[in-house]
Amino acid sequence: MISNIVELWWETMAGPQLLIRQMADALSAGKSVLLQISGRLPWQDQIRDILAQRFSTVPIEQAVLSPGEPHQLIPQLLGQLRRAKGNRCPQAYKAQLTYLREEQIFRESVIWIHPTPDCDLVPVIQLLSDFRGKGLAESGCFVLEVSDRLTLPRLSNAVAVLNCGDTIHFGDVRLFSSILTDMEPGLPEPFKRYTAQLAAQLAGKNGELVPVLLQYLRPGEEPAQSIAQIRRNVPADCGALPDQSTLGQLIWKAQLQTVFADIEMARIQITSDWAATIEAALRSEYWDPQKNRTGFVEQMGERPTSSADVELGTLVHMMSLRRKDNHSQYLLYIPDEQARDWIFFLRECRNKLAHHIPCSQEEMRKLLTGLSA
């Protein structure tokens, strides 16, 4: 299953697929790749496998580099990957580069470099820039991941700089999340669109987080509780999860994009179903028992004449007013108790979302169930 999910991400989603193609094209042209990422690159082992399949006979090898100057880095690479060649490696940096090229030490190989956390990236980047090979077949190439916040030095044309953010977009993650959500048999149908949107928002641009999130996001549990469970049970993913300061905003975005338009459609349906009653109330003068004043209903400083123009807040307000000619009667009375409760509830949810406040999971359950009825 995980293999299918990985292939779906890297070989089907438009952005990841484009990144794979750009990397393969750059390496095929004999350029080392400097990969700018925010956070981390999803499914690293699998992307290396997919790239290796593109080249068929070119292996992708991995090396870990510790802190050091450029002339100290090449012996590290040789010590890990070509130990037999290390004894003949010169000490001078330029001579080392010539040795790598002339002896074709890394011919037909892609070397994926992993710097240790304390490693200064500047010498490593300089090595990629200075290594002007004769092509992948003769000299090999390097791949290095760096933060997209890192200011890059001037680089030679031997390096192709690829920014994941230029190819992988939120739309890729959202589509990926939607496809995987449809495959979740235990998730109620009304919740699928919201869960897909929520998982995408919480994952950011990290597609690898989506399957993990979908395992834990459930209708009866607040997203914050689900995140806490992931932190306890899947520690490897914790660093990429949103922190508490941004969680509420991401939940709000998912809810806004899922139900805000549907709430408006529900309002239109209500004002259509009760059009005659609402328009009769609009033509009638009211008495406000709280402020002891009379008048006609206004909205944004104007008198609405059509029921379709009446907002949810105005409907609720009209139901609290009395008729001027008969204080015992409500200005707007909808005899269906369920319809009244639904209007009150829709207004409450809409106001929350309009003011950047996320609804609770129970409110979302009630809202999604009602909107899908």
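The model is a predicted one, in which local features need pLDDT of at least 70 and side-chain atom pairs count only at pLDDT 80 or more, while totals for chains, interfaces and linings use all residues. Residues are numbered from 1 along each chain as its sequence is written, and side-chain values use heavy atoms, with hydrogens and water left out.

Strands (E, at least two residues) and helices (H or I, at least four) are DSSP runs, numbered from the N terminus; two strands pair if DSSP finds at least two bridges between them.

β2 and β3 run parallel and are joined by six bridges, with V64 standing opposite H114 in β3. Strand β1 pairs in the parallel sense with strand β4 (residues 141-147) over five bridges, and the bridge partner of I37 in β4 is S147. With strand β5 (residues 159-163), β1 likewise pairs in the parallel sense over five bridges; here S32 has V159 of β5 as its bridge partner.

How well is β1 covered, and on which faces? Six of its six residues are buried, where buried means under 20% relative accessible area, exposed means over 50% and partly exposed lies in between (1.4 Å probe, protein chains only). In a regular strand the side chains alternate between the two faces of the sheet. In β1, S32, L34 and Q36 are buried on one side, and V33, L35 and I37 are buried on the other.

Aromatic rings provide another kind of contact. Rings of Phe, Tyr and Trp (its six-membered ring) pair if their centres lie within 6.5 Å, and planes under 30 degrees apart count as stacked, over 60 as edge-to-face and the rest as tilted. By this rule the count comes to seven aromatic pairs. In one of them, the ring centres of W43 and F176 are 6.0 Å apart and the planes stand at 85 degrees, so the pair is edge-to-face. W43 lies in the loop between β1 (32-37) and α3 (44-55), and F176 in helix α9 (residues 170-182), so the pair ties together parts that are 133 residues apart in sequence. Both W43 and F176 are buried, and together with W9 and W10 they form one aromatic cluster.

A separate helix pair is formed by α10 (residues 189-203) and α13 (residues 244-273), which pack at an angle of about 145 degrees with their axes 9 Å apart. The contact involves residues including Y194 and L198 of α10 and L250 and I251 of α13.

A second open sheet has four strands in the order β7-β6-β8-β9, with antiparallel pairing. Its edge strands are β7 and β9 (326-330), each pairing on one side only. β6 pairs in the antiparallel sense with strand β8 (residues 322-323) over two bridges, and W287 has R322 of β8 as its bridge partner. The charged end of R322 also sits over the ring of Y330, 4.2 Å from its centre; this description requires NZ of Lys or CZ of Arg within 6 Å of the ring centre and within 35 degrees of the ring normal.

Finally, N292 is found in the loop between β6 (286-288) and β7 (293-295). N292 has a positive phi of about 50 degrees although it is not a glycine, and at 58% relative accessibility it counts as exposed.

Technical notes
Axes fitted to C-alpha atoms, helices over the stretch in contact; angles between N-to-C directions. Contact = heavy atoms within 4.5 Å.
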